[in-house]
Amino acid sequence: MTLTIILPASVEASLSKGAKREGVSLEDYVLRKLEGIPANETLHKEDAPADYLADIASKFKASMPEEEWNRLPADYAINFKEYLRASRQESAE
């Protein structure tokens with residue numbers, strides 16, 4: 001699916017900076033961020049994207065026992081799609 005979104009220049013700059021920091025294309029970076037936002041969560045206009053995502057990560061971490069959090073691979077945030085895919089394959093077997 002192709003979707004065109006018109007973003008404010010400040011949001012585009014923030015996303016571009018994040019993509020560069022993580023060493024991925026802007027398209028991959030945005031897709032990763034969108035896949036991490038639950039459908040029932042709303043992005044408030046006054047929230048910066050990075051602040052909003054940090055808030056979601058904080059809620060996620062708070063919802064997990066510390067020993068489970070510590071079991072997550074160090075590269076989970078970058079490669080979560082691969083881990084999710086592997087998890088789904090294991091569940092299907």
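Trainee: Hi! Which residues does Arg-32 touch, not counting residues up to four places away in sequence?

Mentor: Arg-32 touches Glu-22, Val-24, Ile-78 and Phe-80, where contact means heavy atoms within 4.5 Å. This is a predicted model, in which local features need pLDDT of at least 70 and side-chain atom pairs count only at pLDDT 80 or more, while totals for chains, interfaces and linings use all residues. Residues are numbered from 1 along each chain as its sequence is written, and side-chain values use heavy atoms, with hydrogens and water left out.

Trainee: Is Arg-32 buried or exposed?

Mentor: Arg-32 counts as buried because its relative accessibility is 18%. Buried means under 20% relative accessible area, exposed over 50% and partly exposed in between, with a 1.4 Å probe and protein chains only.

Trainee: And where is the place of Arg-32?

Mentor: Arg-32 sits in helix 2. Helices (H or I, at least four residues) and strands (E, at least two) are DSSP runs, numbered from the N terminus.

Trainee: How many helices and strands are there in the protein?

Mentor: The protein has 5 helices and 0 strands. Of its 93 residues, 12% count as buried.

Trainee: Back to helix 2. At what angle do the axes of helix 2 and helix 5 cross?

Mentor: Helix 2 (residues 26-35) and helix 5 (residues 76-92) have axes that cross at roughly 75° and come within 11 Å. That makes helix 2 roughly perpendicular to helix 5. Axes are lines fitted to C-alpha atoms, for helices over the stretch in contact, and angles run from 0 to 180 degrees between N-to-C directions. Angles under 35 degrees count as roughly parallel, over 145 as roughly antiparallel, 65 to 115 as roughly perpendicular and the rest as oblique.

Trainee: Which residues meet there, in helix 2 and helix 5?

Mentor: On the helix 2 side they are Leu-31, Arg-32 and Glu-35, and helix 5 brings Ile-78, Phe-80 and Lys-81.

Trainee: What about the axes of helix 1 and helix 2, at what angle do they cross?

Mentor: Those two cross at roughly 100°, with axes that come within 9 Å. Helix 1 is therefore roughly perpendicular to helix 2.

Trainee: New topic: which residues form the largest nonpolar core?

Mentor: Val-11, Leu-15, Ala-19, Val-24 and Tyr-29 make up that core of 5 residues. Helix 1 (residues 9-22) gives the largest share, 3 residues. A nonpolar core is a set of buried Ala, Val, Leu, Ile, Met, Phe, Trp, Tyr and Cys residues joined through side-chain atoms within 4.5 Å.
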